[in-house]
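Please keep the sequence and the three-dimensional view at hand while reading.

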Amino acid sequence: MSQSLNNFSFSFTAKMTHHCTKFSGHWKIIVFDEECFQGRRHEFTSECCNVMEFGFETVRSLRVESGAWVGYEHASYQGQQFVLERGEYPQCDAFGGSNAYHIERMTSFRPIACANHRECRMTIYERENFLARKGELSDDYPSLQAMGWCNNEVGSLRVQSGAFVCYQYPGYRGYQYIMECDRHCGEYKHFREFGSHSQTPQIQSIRRIQQ
């Protein structure tokens, strides 16, 4: 960790400005309908709301060649979500990285246009509607509580720039919630806005998304 949460103050008075910069490069992801990059394949350079429209039952392996993406369990960007950064994912379980749940399918996905690892700013709040104690983030936090956050929940948050992935448990494990400065105008007033699969405000680790 490059910083502790001694600067993770709960009483900042300066308001962080919203500065959302879009990725200027090209996105590219190659998906396969069998594990280990076998079977039918298709290359995408933009979002896909349902791989079944391209003859896939689901995606079982993939390569991200450029840009950052978010994958979804169901069509139309619904269900569990998971960040996909540059690299190879030989099977479904690799989609979620170090997770505490099993991923069986990916049916839709889209680029994360505002991912910018060097310019990420987010304010988290203890309660919904941006109330109670708050903390400002610009780094990776494998354990919010260990760095000074008040409990294991985040009631609401504002993303001023870049994109973050929030995890249910410490150590970047559990359900993922992708938070972007260009979605909801960067404002997530209630935990149910974190994602269609969100059933709890429990967030215990957060990191910046690599483009």
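Two strands are said to pair if DSSP finds at least two bridges between them. With this in mind, the bridge partner of Leu 62 in strand β6 is Tyr 89. The model described here is predicted.

**The protein as a whole**

- The protein has 211 residues, of which 50% count as buried.
- The accessible surface amounts to about 9800 Å², and carbon and sulfur atoms account for 43% of this area.
- Among the contacts in the protein with a separation of 6 or more, 71% are between residues 24 or more positions apart.
- The structure contains 10 salt bridges.

**The sheet that contains β3**

- An open sheet is formed by four strands in the order β2-β1-β3-β6, and the pairing is antiparallel.
- The edge strands of this sheet are β2 (38–44) and β6, each of which pairs on one side only.
- From one strand to the next, the twist averages 15°.
- Strand β1 (residues 28–34) is joined to strand β3 (residues 61–66) by five bridges, and the two run antiparallel.
- Strand β3 is also joined to strand β6 (residues 87–89), in this case by three bridges, again in the antiparallel sense.
- Leu 62 in β3 shows both pairings of its strand: Val 31 stands opposite Leu 62, and Tyr 89 is the bridge partner of Leu 62 in β6.
- As background, the side chains in a regular strand alternate between the two faces of the sheet.

**Arg 63 and Glu 88: a bridge pair and a salt bridge**

- Which residue in β6 is the bridge partner of Arg 63? The partner is Glu 88.
- The side chains of Arg 63 and Glu 88 also meet in a salt bridge, with an N to O distance of 2.9 Å.
- Because Arg 63 lies in strand β3 and Glu 88 in strand β6, the pair ties together parts that are 25 residues apart in sequence.
- Arg 63 counts as partly exposed, at 24% relative accessibility, whereas Glu 88 counts as exposed, at 52%.
- Elsewhere, Lys 28, Glu 43 and Glu 65 are linked in a network of salt bridges.

**The sheet that contains β10**

- A further open sheet of four strands has the order β9-β8-β10-β13, with antiparallel pairing.
- Strands β9 and β13 are the edge strands here, and each pairs on one side only.
- Strand β10 (residues 156–161) pairs with β13 over two bridges in the antiparallel sense.
- Within this pairing, Leu 157 stands opposite Tyr 188 in β13.

- Arg 208 lies in strand β14 (residues 205–208).
- Is Arg 208 buried or exposed? Its relative accessible area is 14%, and a residue counts as buried under 20%, so Arg 208 is buried.
- The side chains of Asp 139 and Arg 208 meet in a salt bridge (3.3 Å, N to O).
- Asp 139 lies in the loop between β9 and β10 and Arg 208 in strand β14, so this pair ties together parts that are 69 residues apart in sequence.
- Both members of the pair, Asp 139 and Arg 208, are buried.
- Arg 208 forms a salt bridge with Asp 140 as well, the closest N and O atoms being 3.0 Å apart.
- This pair links distant parts of the chain, since Asp 140 is in the loop between β9 and β10 and Arg 208 is in strand β14, 68 residues apart.
- Asp 140 counts as buried, at 19% relative accessibility.
- Leaving aside its neighbours within four places in sequence, Arg 208 is in contact with several residues, including Glu 85, His 117, Cys 120 and Phe 164.

**Residues with positive phi**

- Most residues other than glycine have a negative phi.
- Ala 132 has a phi near 70°, a positive value in a residue other than glycine.
- Ala 132 is found in strand β9 (residues 131–137) and counts as partly exposed, at 45% relative accessibility.
- Cys 185 is not a glycine either, yet its phi is positive, at about 55°.
- Cys 185 is found in the loop between β12 (173–180) and β13 (187–188), and it is exposed, with a relative accessible area of 64%.

Terms used. Residues are numbered from 1 along each chain as its sequence is written. This is a predicted model: local features need pLDDT of at least 70, side-chain atom pairs count only at pLDDT 80 or more; totals for chains, interfaces and linings use all residues. Side-chain values use heavy atoms; hydrogens and water are left out. Axes are lines fitted to C-alpha atoms, for helices over the stretch in contact, and angles run from 0 to 180 degrees between N-to-C directions. Buried means under 20% relative accessible area, exposed over 50%, partly exposed in between (1.4 Å probe, protein chains only). Contact means heavy atoms within 4.5 Å. Accessible areas come from the Shrake-Rupley method with a 1.4 Å probe; for residues, only the protein chains shown count as cover. A salt bridge is a side-chain nitrogen of Lys or Arg within 4 Å of a carboxyl oxygen of Asp or Glu.
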